[in-house]
Amino acid sequence: MGRSIVTIDDLTNDEIENVFALADEFLQRLAVDGKPERLRGRIQLAEQCVLATLFFEPSTRTRFSFESAMLRLGGHILSSADPASSSAAKGESIADMIRVVQNYADLIVIRHPLEGAARVAAEFADIPVINGGDGRHEHPTQTLCDLYTLRREKKKLKNLNVQLRGDLKRGRTVHSLVYALARFGANIITSSAPGLELPAYVVRRLQRDYDCGPIDVEGLPDDVDGVYVTRRRAVQATLPNLPPDFLIDVSSKGFSSKDFRKIDIFYVTRLQSERPDEEGQKADYPVVSARFLKDRRYRDSSVLHPLPRLDELAYDVDQDDRALYFKQASYGVPVRMALLAALLGLQEGVLAKSKPAGHYPLYTRRGGIACLNPFCVTRNEPEQNYLASKFWILEGDALTLRCLYCDHETTPQCVGRISTKRYDTDLSRWTRIPLEDLIMFADRNAAHAAGFQLYKSRSREHDPLPARTARGVAGSGPPNAAP
Ligand code: NCD
């Protein structure tokens with residue numbers, strides 16, 4: 001069973017660098033004269049391999065660049081681009097579809113409207129699966145293309161000011177990108193369209209997993225609604241010889257608006273109007289035009305866009321040297337060639353054998369608390385026949401559960417033991433219950449409905465099990481969780 005790429009955290013920073021180095025090699029070998037970002041011809045590396053692209057949402061760049069990448073590696077493709085033409089239209093589950101397609105191909109790229117669909121595919125496949133975008137959740141290979149473009153242009157990511165503009169709530173490219181930016185030590189400056197700010201669960205994951213938090217800065221331009229910096233990076237930037245686990249509160253470093261005035265990278269995104277929401281429908285979406293980019297802040301900004309663009313980015317920017325979005329789309333081929341070659345085991349030394357280890361205990365249970373995100377794959381009818389709820393148990397002020405599939409967080413109000421059918425509202429008790437006996441409920445009514453009764457005595461002295469801490473439990477929590 002090979003490695004799958006479901007989230008950008010399925011690759012370590014070193015592995016990302018290795019993928020980029022291999023992409024550089026492919027570019028050197030196949031680039032067209034005078035067009036260094038475009039490839040021609042093929043190499044014979046993947047003649048024995050077949051790639052299946054299963055796309056249940058529209059795509060031009062992602063699917064074509066994956067398919068072009070496979071063809072240029074000398075491999076073969078099976079392509080399903082029309083949801084209506086596959087058995088999903090007849091109500092087939094993701095698990096069944098994947099267990100069939102894995103017998104026809106060596107690697108699957110899947111794009112699906114449900115958040116967590118690629119995770120389900122990866123759980124059921126015995127071949128590598130790549131997430132080509134799962135609803136509003138993540139799009140890790142777009143992030144690879146974004147980072148590769150930036151690396152070629154700016155040579156580094158650390159300490160760069162990256163301004164993200166547009167629909168940061170529903171744009172999956174932005175979600176994968178912010179995690180990567182935090183990991184590489186860039187500063188994130190958000191200019192969301194009104195009502196379309198970064199979702200709370202993304203901000204919490206930034207803080208919890210990468211120690212990248214929002215800071216208060218006075219005097220920033222009106223269109224900036226958030227600045228996020230990585231504490232570790234801030235410390236290292238100021239005092240490079242500190243031990244790696246030494247952290248300070250970033251606010252005490254005293255950032256000023258001057259630190260964020262010059263924008264190195266300006267990442268524009270479109271309104272995701274195909275993903276309806278109560279808020280953000282009538283978003284005020286100022287157009288980024290040649291005139292707009294005359295502002296001093298953007299003098300040296302590289303302008304990126306995952307594309308497609310609608311009217312948020314004027315065509316008069318295309319001629320500007322700062323506009324990199326077509327190059328960025330072009331780099332999709334060498335980057336995806338490198339990723340495919342690595343995941344197919346055709347190129348040694350790019351990826352480690354196993355995926356990065358995590359740090360949170362995993363709670364898996366059918367029944368009990370379920371993910372509340374209406375777009376989560378676990379809420380879909382065919383998937384409910386076989387999927388259990390899976391949550392990372394996060395430590396903090398309150399007991400918080402993060403859905404393994406879609407990252408949305410929820411907080412239980414009761415914890416119980418399956419073996420005794422008893423529950424308690426003292427949530428700290430979860431540490432005394434073995435994971436295989438643990439069940440959590442959204443509230444007391446849910447516990448009662450499931451036939452559970454309140455513990456007779458809440459005294460912990462009578463509880464024979466030793467307490468454990470969240471981080472002390474073996475599990476495969478989010479990779480790169482501790483930077
Ligand atoms: C993005 C996507 O599909 O999420 N496009 C892409 O893959 N290049 C961005 C978008 O559709 O807005």
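The model is predicted. A patch of positive charge lies on the surface. Helix H6 is mostly covered. The bond from Leu307 to Pro308 is cis.

**Surface patches**
- Lys258, Arg261, Arg296 and Arg299 gather in the positive patch.
- Lys258 sits in the loop between helix H8 (231-238) and strand E11 (265-268).
- Lys258 has a relative accessible area of 64%, so it counts as exposed, the cut-off being over 50%.
- Leu78, Val100 and Tyr104 make a nonpolar surface patch of about 270 Å².
- Val100 belongs to helix H3 (residues 94-101).
- Val100 is partly exposed, because its relative accessibility is 35%.

**Helix H6**
- H6 spans residues 172-184, which is 13 residues.
- From first C-alpha to last, H6 reaches 19 Å, close to the 18 Å expected at 1.5 Å a residue.
- In H6, 13 of 13 residues are buried.

**Backbone geometry**
- Most residues other than glycine have a negative phi, and most peptide bonds are trans.
- Asn159 is not a glycine, yet has a positive phi of about 70°.
- Asn159 lies in the loop between helix H5 (140-154) and strand E7 (161-166).
- At 35% relative accessibility, Asn159 is partly exposed.
- Leu307 also has a positive phi, near 60°.
- Leu307 is in the loop between E12 and H9, and counts as buried at 12% relative accessibility.
- The cis bond from Leu307 to Pro308 has omega near 10°.
- Pro308 is in the loop between strand E12 (302-304) and helix H9 (325-330).

Terms used:
Residues are numbered from 1 along each chain as its sequence is written. This is a predicted model: local features need pLDDT of at least 70, side-chain atom pairs count only at pLDDT 80 or more; totals for chains, interfaces and linings use all residues. Side-chain values use heavy atoms; hydrogens and water are left out. Patches are made of residues with over 30% relative accessible area and no salt bridge: like charges are joined within 9 Å, nonpolar side chains (Val, Leu, Ile, Met, Phe, Trp, Tyr) within 5 Å. Accessible areas come from the Shrake-Rupley method with a 1.4 Å probe; for residues, only the protein chains shown count as cover. A salt bridge is a side-chain nitrogen of Lys or Arg within 4 Å of a carboxyl oxygen of Asp or Glu. Lys and Arg count as positive and Asp and Glu as negative; His and the chain ends are not counted. The place of a charge is taken as NZ of Lys, CZ of Arg, CG of Asp or CD of Glu. Helices (H or I, at least four residues) and strands (E, at least two) are DSSP runs, numbered from the N terminus. Buried means under 20% relative accessible area, exposed over 50%, partly exposed in between (1.4 Å probe, protein chains only). The expected span of a helix is 1.5 Å times one less than its number of residues.
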